[in-house]
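Subject: the structure I promised you

Hi,

Here is the structure we talked about. Have a look at it first, and then read on for what turned up.

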Amino acid sequence: MARRGDRLRADKVTWNRKTGRVLATGNVAVTNPQGDVAYGDSIDLTDSLRDGVVANMLVVLERGGRLAAVKGTREEDGTVRLDRAAYTPCPVEEGGCPKEPTWKITSVRVTYRPDKERVYFERPRVHLFGLASPALPSFSVATTASNDTGLLAPSFGISRLNGLELVLPINIALSPDRSLIVAPHLFSGELPMLETRYSQRTELGALAVTAYATSSRRSEDLSSRFTSDTKRAFRGYIDGVGKFQLDPNWSLSGSLRLVTDRTFLRRYDISREDRLRTTLALERIDRDSYLSVAGWAVQTMRVGERQGLQPVALPEIDYRRRVEDSVLGGTLNLQLNSLAIGRKAGQDTQRAFASGRWDLRGITNGGQEIVLTAFARADAYNAEGVAATSIVSYRGLEGFHTRAIGAVAADVRWPLAGELFGGVQRFTPRVQVVAAPHIANLRVPNEDARAVDLEDSNLFALNRFAGYDRFEDSSRVTYGADWALDLPGTSITANIGQSYRLDSRPSILPNGTGLSDSFSDIVGRTTVRLGDTVSFIHRYRLDKDDLAIRRNEVDATVGSRATYATIGYLRLNRDIDELEDLQDREEIRAGGRVAFKRYWSVWGSAIVDLTSKSEDQLSTSDGFTPIRHRLGVAYQDDCIDLGLTWRRDYRSTGDARRGNAYLFTFALKNVGR
């Protein structure tokens with residue numbers, strides 16, 4: 001029987017047309033317009049098919065979840081009231097056989113409101129893995145992902161500094177698309193901390209803001225490496241992010257990240273970043289142009305760095321336009337850029353430039369790919385307070401200066417393909433010739449091209465400096481080859497290359513970067529993939545004179561998604577003492593996960609500093625210094641997540657002391673907020 005979206009199915013239905021009574025028996029199923037199905041042995045209801053009494057009732061919710069009761073009543077508005085009932089969103093059968101759910105809620109009375117998509121419990125008990133809790137106060141759960149006011153799942157932890165930690169989050173629904181979560185953090189060894197999270201979604205985009213506030217003892221300004229405790233002080237952190245698509249072309253995005261001191265994030269295990277960036281950007285993107293008006297500021301978390309030397313960029317304007325089939329059939333890319341960087345106690349720099357790059361790509365009759373490039377740029381710089389920059393090569397000259405840049409290049413590749421070992425191999429030799437006149441690099445400041453290092457990724461770049469403030473002005477020949485082999489379930493790729501400078505003028509590239517002499521170092525990369533089981537990547541740089549390994553980087557993963565092992569190794573042996581952020585170091589990272597039984601797994605990860613004094617005189621490592629490790633055990637099935645994690649930090653920074661920390665996680669799936 002069907003009426004106004006409600007449907008009744010049974011072995012036998014008796015309808016008294018005078019009284020409007022409908023009596024159904026045998027395999028009864030009643031479906032409402034929302035898709036919820038109520039099953040029972042018998043049902044006595046009116047001919048609207050909406051209200052009635054069901055014996056031995058089972059309600060299967062359309063979006064997951066089941067309600068079972070000895071007796072149930074279905075009201076005209078769709079509300080279902082059950083006596084001595086149980087609810088679970090977990091599967092209750094497996095392979096066609098009955099299965100006890102991981103967790104369920106039993107109650108003397110349960111009410112399901114389909115209009116609110118919530119289940120309400122009176123004097124409930126929670127059963128987890130068959131163990132029942134004491135009777136709890138009345139509460140409700142959502143049957144779908146929703147935004148409702150109520151308690152969220154708590155979390156527990158323990159650390160050396162703060163003692164036992166209990167987090168009790170409460171969600172406050174301000175509207176269907178606005179939410180405020182208030183989460184007090186209670187500690188046994190420290191004052192409480194308040195965490196709040198606000199999120200909002202609009203037709204144009206979304207934003208989220210998280211804030212922390214507490215009071216505790218903290219270290220002095222770590223820029224002076226003084227780490228004794230001070231008096232108790234207010235401590236907090238704010239983290240906001242948002243993006244709005246104003247129309248198909250224009251968008252506005254930004255982030256706000258500010259903290260009261262350098263050790264707060266580490267002490268409360270919120271973040272381990274060494275710099276926080278606050279940004280704001282207005283962008284316009286279409287098929288052939290890009291415009292960005294942006295600004296950003298940096299707050300350092302590093303020991304020994306002065307906050308007054310951190311940059312604030314406002315504004316940063318970048319405009320680009322692509323003109324296809326412009327001159328001689330090539331593609332012309334035009335760019336206008338300006339940047340103003342200020343520092344409270346350091347050097348200020350303003351920069352503007354205009355550039356044009358023309359590229360023409362063609363294929364010869366013999367299959368060679370040829371790319372011709374012409375590049376020109378005009379720069380204007382103004383620098384103030386250059387004496388505040390400690391590294392001379394970064395300063396530039398005080399005052400206003402201009403610079404002209406030009407380069408032409410020809411890049412030839414010759415792909416060759418053939419069969420090998422039952423698969424297909426490709427061998428592609430490559431040669432690039434770049435000609436550039438002498439450029440007055442050192443007259444202007446270097447703000448964005450400081451991390452210079454020869455790698456396989458920039459070997460054939462027109463400018464092997466990372467940013468705009470430095471341009472490689474040597475004429476050179478770069479040569480190398482790519483090789484690939486594709487077999488069923490297996491792929492191997494490799495490349496190798498080197499460059500040779502054609503002129504004899506001194507290079508601005510420091511010793512140890514692999515680019516300072518006539519012949520560069522040799523760089524390459526090898527990648528091996530065996531199905532979804534093995535992934536191996538090796539990057540290296542070999543000294544041109546004695547083939548000593550200057551860079552050795554390995555990332556390998558073996559296993560499946562459930563059980564795997566991963567290792568990462570990095571050794572830099574470059575002997576660079578002229579630039580910041582290019583110190584030699586050696587490090588190993590390892591991690592893995594082992595799944596056992598069906599839902600259980602153990603996992604772990606560790607980072608060890610292998611740097612010795614012979615590699616870096618400023619290093620505090622003795623050649624084998626653990627930095628941090630984690631070890632955990634987890635249970636995960638279709639409706640619950642349980643986990644216990646042990647973390648140990650081996651380094652202290654101010655009041656963020658080394659020691660052990662433990663975290664217990666508990667989350668119920670298939671339950672809305």
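Lining the largest cavity are V30, N32, D36, V37, A38, M57, V59, R74, G78, V80, Y112 and P114. By type, that lining splits into eight nonpolar residues, two polar and two charged (Ala, Val, Leu, Ile, Met, Phe, Trp, Tyr, Cys and Pro count as nonpolar, Asp, Glu, Lys and Arg as charged, and the others, Gly among them, as polar). Strand 5 (37-46) and strand 6 (52-60) each give at least two residues to it; strands here are DSSP runs of E, at least two residues long, numbered from the N terminus. The space inside the largest cavity comes to about 70 Å³, and the structure has three cavities of 30 Å³ or more.

Before you go further: this is a predicted model, where local features need pLDDT of at least 70 and side-chain atom pairs count only at pLDDT 80 or more, while totals for chains, interfaces and linings use all residues. Residues are numbered from 1 along each chain as its sequence is written, and side-chain values use heavy atoms, with hydrogens and water left out.

As for terms, on a 1 Å grid over the protein atoms alone, a cavity is a set of points where a 1.4 Å probe fits but cannot get out, and a pocket is an open set with protein on both sides within 12 Å along at least five of seven lines; lining residues have an atom within 4 Å of a point. Points are joined across faces, edges and corners, and a volume is the space filled by probe spheres set on them.

Now the second largest pocket, with a volume of about 970 Å³. It has 31 lining residues, and L151, L152, A153, P154 and L668 lie nearest its centre. Strand 15 supplies the largest share of that lining, four residues. The types are 20 nonpolar, seven polar and four charged.

Next, some strands to trace. Strand 20 (residues 178-187) runs antiparallel to strand 21 (residues 193-201), joined by eight bridges (two strands pair if DSSP finds at least two bridges between them).

Last, G568, which sits in strand 39 (residues 564-572). G568 is buried, at 3% relative accessible area (buried means under 20%, exposed over 50%, partly exposed in between, with a 1.4 Å probe and protein chains only).

Cheers
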